[in-house]
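Please open the model in a viewer and keep the selection tool at hand.

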Amino acid sequence: MLADPFELTRERLAPPERRAEIRRCVDLACVLRRRHWRFARARVIDLSADGMLLSFEGLLDDGAELDVSFKAAEPAIWFDTHATVTRVVHDRRTCDSGRAVGLRFESLSAVARVILRGNLRNCPRPPPLREPPLTLVAKGEDYAVIVRNIL
């Protein structure tokens, strides 16, 4: 049976996912705790079962360890996890939408990951902020384009 020719086109338009978990657009409040902080509040920009990107105006360095609490599922389920800062966005690029911090979850249980993954399935993907690396871009024409040109 022949494959849907438009399926190949859709796959070509969507950039390949290099992450283990797919990020999803969300707008959630979360609470951060660190040893010398009481509490800090932040907004979650995107979320996956492995980590999150926070809109955060405070000062954090790569490798900083935090405790994060957020509510992401319906009905209200709170997720509490230990996280490590893996990326700090300083709002220097034109595609940046403000200062942000990327976190990787360290202690989220397997059950919590499954619940979070299931809840995020209905959320949209964030738009790509830059072009994919040249190593991931298909070189030349694909099979569907060749067949379409022949017909």
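A patch is made of residues with over 30% relative accessible area and no salt bridge, in which like charges are joined within 9 Å and nonpolar side chains (Val, Leu, Ile, Met, Phe, Trp, Tyr) within 5 Å. Accessible areas come from the Shrake-Rupley method with a 1.4 Å probe, and for residues only the protein chains shown count as cover. A salt bridge is a side-chain nitrogen of Lys or Arg within 4 Å of a carboxyl oxygen of Asp or Glu.

This is a predicted model, in which local features need pLDDT of at least 70 and side-chain atom pairs count only at pLDDT 80 or more, while totals for chains, interfaces and linings use all residues. Residues are numbered from 1 along each chain as its sequence is written, and side-chain values use heavy atoms, with hydrogens and water left out.

**The surface patch**

Select I146, I150 and L151. These residues form a nonpolar patch on the surface, and together they have about 380 Å² of accessible area. I146 lies in helix α3, residues 143-150; helices (H or I, at least four residues) and strands (E, at least two) are DSSP runs, numbered from the N terminus.

**The paired strands**

Next, select residues 65-73 and 77-89, which are strands β4 and β5. The two strands run antiparallel and are joined by 8 bridges; strands pair if DSSP finds at least two bridges between them. They form a hairpin with 3 residues between them, and A73 stands opposite I77 in β5. In β6, L103 is the bridge partner of V85.

**The aromatic rings**

How many aromatic pairs does a search of the whole structure find? The search finds 2; rings of Phe, Tyr and Trp (its six-membered ring) pair if their centres lie within 6.5 Å, and planes under 30 degrees apart count as stacked, over 60 as edge-to-face and the rest as tilted. Select F70 and F79: this pair is stacked, at 5.4 Å centre to centre with 20° between the planes. F79 is buried, with a relative accessible area of 3%. F70 is buried too, with a value of 0%.

Then select F70 with F105. The ring centres are 5.8 Å apart and the planes are at 15°, so this pair is stacked. The pair links distant parts of the chain, F70 in β4 and F105 in β6, 35 residues apart. Finally, show F70, F79 and F105 together: ring pairs link them into a cluster.

Conventions:
Buried < 20%, exposed > 50% of the residue type's maximum accessible area, 1.4 Å probe, protein only.
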